[in-house]
Amino acid sequence: MPFFADLYRVSLPHVRLLTAAALLLLAVCALFDSRLEVREDITSLMPTEPADLAEQFALLREAPFTQGLNIAVGGEDPSRSARLLSDALRSPEIPRVLSGSGRPFNPQLLPKLCRSIPGLMDTEAQASLPGRLEEDAMRTALKHDHDLLLAPQGIALRGFLAIDPLGICAGVLKGIAPAARAPSVQPEEGQILSADGSHALVTAEPAFSMSDSDGASKVMDRVRSAVKTLPPGTETVVVGGHRHTEENAAIIKEDVRRILPVSMSLLALAFIIFIRTVKGLCVLLLPSAALLVAAAVTSVVFKGLSGIVLGFGSVVLGITADYAIHVYYALRNGQDAATDLQRISGPVLLGAGTTLAAFAAFLTSSIPSIVQMTVFAVSGLLAALVFALWLLPLRLGPGGGRSAASSPTRPMRLKRIPPALVWAALGIALAFLLHSVPVNGDIRTLSYVSTQTAKDETRMSELFGGLHEQGLYAAKGKSLEEALRANDRIWKELGRVARENGWNPAEMLTGPAQVLPALATQAERIVAWRKFWDAEARAALSRLDSLAAEAGFSAEAFAPFKEWIAAEPAPMTPELLASVGMETALMPVRLSGDAWLVYNLMRTDKAPPGLLQALNANGAVLISGSGFRTAMDKAVRADLLRFGGLSLLAILAMSFFALRSPLRMGVALLPAACGLACVLAVFRLTGMELNIFHAMSLPLVMSLSVDYGIFILAYLEGKLGKETRTGVLLSGITTLSGFGMLMPARHPALHCIGLTVSLGLVAALVAALVLLPLFAGPEQEADYA
């Protein structure tokens, strides 16, 4: 293109000034890079579209039990070990510890709790009251009370039995106990124990968010320190988002520390083998300069950067070297740098344009980390393009390397039939492969999980159960009361549907509706409670006095009970629950502003269809493992179709605009088709599934492979010299040095990108260097050989 030739001539007298300006720019970029904030959490890997999937993930992320760490403690005395661990955990990093606290449930607080029991008595509980006042039922209850008082725990229970001699309060507490624990655990001594009693559960609520990798590291350091205080031989099992965040951040840092130096070393090795000139040293330095610019731009655009993006830096190193390589080979044997630059700038711009178009299509992705990688790659590629076509020629000058005879080849005669046959075969293969390769939307495949963490999660599920058979739904409201009213309405409707289908609601549902109803709901129940005792109190108390004397109790033994039924009940509140040690893992959550969420668990493995319909009718969203994975599958496919289709359209449009011939396009795009077919064939034969990072790699294979086809086509048409073959080979090697180094990465996202693109580029490089010359006329075939 004449523009770059003219730019070269104008800039040549100012080489030193421009070099100094470039170095100053890189220094400023390095300053920004030093302040780069790296974050690593699963949020950056989650699609923000479609809206229902984003809503599900937002609800799941805000759920109280997903914000904390669950720690199972075994040993000879798990309850004691849990209390020791709780005391050791409390710190600025972990200010709150539940369900294993050093403050076990105090039976002496039961009278305080009983004053709020009337508001917790639903219709079924209130219907049981007349039966408790029958003479035989009273006599049985009083005998049970007498036996308890003679037992060792009688002293602690004396106050509770005085206020609840007939078991009214105890019956309600027994009925609502599942609301504060998972189905496979039991409460004991203020602890939550596994069904077999071998382990106690401690829930720690850290001060740092799971998305804060530095905070997660501090939290896990505190956990490890606390675990060391336990008696020798105590089994501890730790699961939670902070552990995942710490592991992912650590593994990405480890990958980056290994990948970037190795990529740079491979680039240096390629330089030594293929270039070996002092001026050519600029080719080696250009990728590092582009990397500095890319990191700086990305740090300015985004407040925090996903660690995956830094691992992606090695890829940018390899790609950005391509432009410098082609410019170097075009200039090193020429006599007029401006003429050589005019000759090479067209293919370089076309190749860069297709790559940039593919990356730009990723901006439509709904996954934040992919958008970050796109900004990182596009800014790096644009910087490399400017450096390669403007600054590099100024440093190289004419004959920028060793001299060797070189001249453009004679124009070739393209064969129409072979390309058409190859494209027909590839089209059929691609159609079949794209349809048959399965897509995996499981979010767990996008994040690194160590072997030990996977074992601990399985062990925790065995001990205390998990969410694998349960779904999560949340009632919403602009205030706590509004959210609780919505929760009561949904809970009542779900209970009705469960009973109609022959299910016990207690086996299907777990939530705070039993232990923390809305104040309006409690008020209705308190009215029914007062109405009942206004009618029954005199006869019931007379009967109680008679039977109490018969059982050996004093006349004033149950005066607290008489005061209880006569007094105005107190409403149950979150503060009251906390004061008596009955905090539940499903306590309401306040979002930003005045929005509130109330979470519930629902069995989904055997749930009747009517439950799901009832949820939808009441505006609640159900989140289940299978449903979440299905939604993720759809999101992955939508992202693939969106940015894959846009990338393909952009590549085709740019290729047609530049080549202006279907036959020439067919030849130039053939390596891209071969690379794509190779990747999908390997996935199909090995049974591998496409995740979102495999999917985003497919357009990269197409865009990068087109470059090879464009340069070989220009060579065969006589527009470029024989050094183009070496340039394409070296370009492929440098790009593979970036992507190839991602293959051994331990983080799944980096590994997926490296594996997919490396497979495709190897096939595309072979197609460009071996297959494309077969479509030239006989004279050019001989010349190529």
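**Close-up 1. The disulfide between Cys114 and Cys169 in the predicted model.** In this predicted model, a disulfide joins Cys114 to Cys169, with a distance of 2.3 Å from S to S, and the structure holds one disulfide. A disulfide is a covalent bond between the sulfur atoms of two cysteines. Cys114 belongs to helix α6 (residues 110-114), whereas Cys169 belongs to helix α11 (residues 168-176), so the pair ties together parts that are 55 residues apart in sequence. The link of Cys114 and Cys169 is left-handed, with an angle of -105° about the S-S bond. Both partners, Cys114 and Cys169, are buried.

**Close-up 2. Cys678, a cysteine that is in no disulfide.** The nearest cysteine sulfur to Cys678 is that of Cys674, which is 9.1 Å away, and a disulfide is counted here when the two sulfur atoms are within 2.5 Å. Cys678 is partly exposed, having a relative accessible area of 26%.

**Close-up 3. A nonpolar patch on the surface.** The patch is formed by Leu24, Val28, Phe32, Val297, Val300 and Val301, which together have about 520 Å² of accessible area. Helix α2 (15-34) and helix α14 (281-301) are the elements that give two or more residues to this nonpolar patch. Val300, one of the patch residues, has its place in helix α14, and with a relative accessibility of 56% Val300 counts as exposed, because exposed means over 50%.

Definitions and conventions
Residues are numbered from 1 along each chain as its sequence is written. This is a predicted model: local features need pLDDT of at least 70, side-chain atom pairs count only at pLDDT 80 or more; totals for chains, interfaces and linings use all residues. Side-chain values use heavy atoms; hydrogens and water are left out. Helices (H or I, at least four residues) and strands (E, at least two) are DSSP runs, numbered from the N terminus. Buried means under 20% relative accessible area, exposed over 50%, partly exposed in between (1.4 Å probe, protein chains only). Patches are made of residues with over 30% relative accessible area and no salt bridge: like charges are joined within 9 Å, nonpolar side chains (Val, Leu, Ile, Met, Phe, Trp, Tyr) within 5 Å. Accessible areas come from the Shrake-Rupley method with a 1.4 Å probe; for residues, only the protein chains shown count as cover. A salt bridge is a side-chain nitrogen of Lys or Arg within 4 Å of a carboxyl oxygen of Asp or Glu.
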